[in-house]
Amino acid sequence: MTTIKLSVRSLVEFVLRRGDLQAGSINLSRAQESIKAHQYVQKTSGVDYLPEVPLSYLYSEVPSLREGKGLSDKLLLEIKGRADGVIRNESMACIDEIKTTTLDLELIDESFNNLHWAQAQCYAFMYGIQEGLETLEVQLTYFQLDTAQTKIFKKKFSLDELTGFFMGLAQCYFSWACQLQEWVMRRNDSIRTTPFPFDTYRRGQRELAVAVYQTIKQSQKLFAQAPTGIGKTMGTLFPALKAMAEGLTVQIFYLTAKTITRTVAEKALSDLQKTGLEVKRLTLTAKSKLCFLSEISCLPEDCPYARGYYDRVREAVEDLFMERAWTRQLIEQYARKHVICPFEFSLEMANWADVVICDYNYVFDPRVYLRRFFLEGGEYTFLVDEAHNLVDRARDMFSAELGKESWLKLKKLTKEDNARLAKSLTKVNTALVKEKKGCTEAEGSGESVGKELPGKLIQALRQFIKETEYFLKTNDQSFSWHEQLLEHYFQALSFTRTAESYNERYVTYKYLTREDFKVKLFCLDPSMRLKEALGRGRSAVLFSATLSPMDYFMNLLGGEETSYKLQLPSPFPEENLCLLINDRVSTNYKLRAKTYDQVVESISAVILCKKGNYLVYFPSYHYMNEVYLRFSAQNQEVDVICQSSSMEEEEREDFLERFSHNPQRTLVGFVLMGGIFGEGIDLIGDRLSGAVVVGVGLPQVCMEREIIRSYYETTSYLGFEFAYLYPGMNKVLQAVGRVIRTEKDRGIVILIDERFSKQAYRRLFPKEWTKVLLGRTNDSITTTIKSFWVN
């Protein structure tokens, strides 16, 4: 027999949930208070009250309901849950379901939420069967979080009534469960018979695949540096799927930082599907890109796709489930067909996907991570692509920031319409004014860094959260400032939740800008929170071509002493890359203005040796634009294009399309190091002949970087390395990695900066960089490059 485990809550919501989609949850803000409230009710309800009673029931379809023998004969539903309380006395057993609320209890009546009754009735059925009872009471206890008052409703049911109700729910879900199980069996059979999609493994790829499989099998973490060309995407996905077929993982999350790497993962799965693999894959897309409205509004009165969402979503799920690749296009197509929100629909489909391709934030960001999966954890596998990006992304995700001016503006907007909201906003603004005054008086520079939480501000934010929740639950009017209110509500949630995790790895950073004052709870060391997030799954593989130094990344990305690590050599012949260093130029920030002409000359010396396509990487837009103007004026016989600071997706694609095969004229693209063209792009063959990297990529010196430097100088004596050197050189290595993408590619790279000759930087060079040449004059650069292209 095959057993499918299911919670009572999931069963009830799948079968019975109806109505509108609400604009964000207004209950998550007080999760800790809710837990304490449950405990308070349980402790104060007398000696006959048994708290947290585990209950379960094994459901199988009765013969009379079957049309014939099949999977239903071999399938059991194990429906489990915990009753908040069982009140047992001589005359009757009563099942108590506790619900916390911020609503005035006068607004709650017996029919407030049918899902609450349904959960309690399921527990009553299980308990009645377990104890052999004929009649039971069901009790709903509503606990008001602000007043600590309770309101109780009771109903009495016979076991026959409870049985009919429960069996109806289970039978309804059972047909879906059969469909799911049939799919799992079909999927696993196809995975077992699907061959590796290429004739042979690339050098290092088989070693990577074996390491990934063993990592999943042993419920471990793997940190893998796999240079360009090994085939990281297939080398991680293929063994993860094989592990899935053996029951070692139930779902794979392929996590990326950029759209282009999501596309690579989609292609890898598509290639496998062409060889016979049957798998349901989903790509999650941001709400802002999916929303059908011209202006995003998640209010049911504004959005027809939110209105009645739960009345239609189940049919939509069953409809789309017949497809294999749940792409953005299909999500939008089926969402329009069933008139439901495409973003929420995609999150719903994540429940049933075998592979979910998505951004880091769906797993790591405490503001938006998929709570339906990760609140309790499960047998998931996380494949974290381009994991070097996760360091700074994690700092952002685990930090929180408020700006004073927007709160003042919202206070003014609400003043005439809602006195309670305006009053709470006044308190937030007053607290921000005091923080600003303290910052300017204490430091004089308009910046301050401390280890204390802004207590009064947090207190004011919590009161604002309560008032907003009350407003959202009780108000049915539409105001022009509604979206701003929601935005600030979620800002307040983020700030107060971050405050709950505040420890020695955080600082409070306050600073003035030209137009605003900001307070930031700044996460300096994200390692513990990443470790916690990765712990919500069974296993994790964090991989990149530039996961070096390995100890640095393991330190910051939640690695442990027992975590596996793997460093693979490049699969490409060393002689295919001509690597030069011009160490006669200093791109130090203070000296850059003196180097513009020198850099122009070096670029010209490189590109005039051979007609082709070239990329030139710069550490800043200003530096890039200054050199771009001079180079364009002096090299009118070549085509020159330059990255802009706010390129749309279509503009990015147009930019890359300029790098064509067999170019008739030389093309030089000026781009930002570490930017959208700094990694994740594949310009194979003669689409890219070489790259010029200007500078060592160090982040610009600023207060936040200095705070990080100071922290790590104290904890590990590696402040400069952690804050500047390692992040900077990672950008350099990524830029160089754009040139050689296949075993047949040949290309040149010149690194321009005197620091590239210093030992602190050279020790970070990859092992395969054994033949680094010096190109200190334009003549020597030209001679060396011409010789390379001739051979």
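Reader: What makes helix H18 a helix that lies across strands E13, E15 and E16?

Author: Helix H18 (residues 482-500) lies across E13, E15 and strand E16 (517-523), and runs at about 135 degrees to E13. Helices (H or I, at least four residues) and strands (E, at least two) are DSSP runs, numbered from the N terminus. Contact means heavy atoms within 4.5 Å, and angles run from 0 to 180 degrees between the N-to-C directions of axes, which are lines fitted to C-alpha atoms, for helices over the stretch in contact. The model is predicted, so local features need pLDDT of at least 70 and side-chain atom pairs count only at pLDDT 80 or more, whereas totals for chains, interfaces and linings use all residues. Residues are numbered from 1 along each chain as its sequence is written, and side-chain values use heavy atoms, with hydrogens and water left out.

Reader: Why are E13 and E14 called edge strands?

Author: The open sheet of four strands has the order E13-E16-E15-E14, with antiparallel pairing. Strand E13 (400-403) and strand E14 (447-450) each have a single partner strand, so one side of each is left without a neighbour in the sheet.

Reader: How do you know that E14 and E15 pair?

Author: Two strands pair if DSSP finds at least two bridges between them; E14 and strand E15 (residues 506-512) have four bridges in the antiparallel sense, and therefore meet the criterion. Val449 stands opposite Tyr509 in E15.

Reader: Why is the contact between Arg187 and Asp354 called a salt bridge?

Author: A salt bridge is a side-chain nitrogen of Lys or Arg within 4 Å of a carboxyl oxygen of Asp or Glu; the N to O distance of this pair is 2.7 Å, and the pair therefore qualifies. Arg187 is in helix H4 (residues 159-193) and Asp354 in the loop between helix H11 (342-349) and strand E11 (355-359), 167 residues apart.

Reader: What makes Arg187 and Asp354 buried?

Author: Buried means under 20% relative accessible area, exposed over 50%, and partly exposed in between (1.4 Å probe, protein chains only). Arg187 has 6% and Asp354 has 3%, so both count as buried.

Reader: How do you know that Glu78 has no salt bridge?

Author: Glu78, in strand E3 (residues 75-88), is buried, and the nearest side chain of opposite charge, Lys80, is 4.2 Å away. Lys and Arg count as positive and Asp and Glu as negative, while His and the chain ends are not counted. The 4.2 Å separation is not within the limit for a salt bridge, and therefore Glu78 has none.
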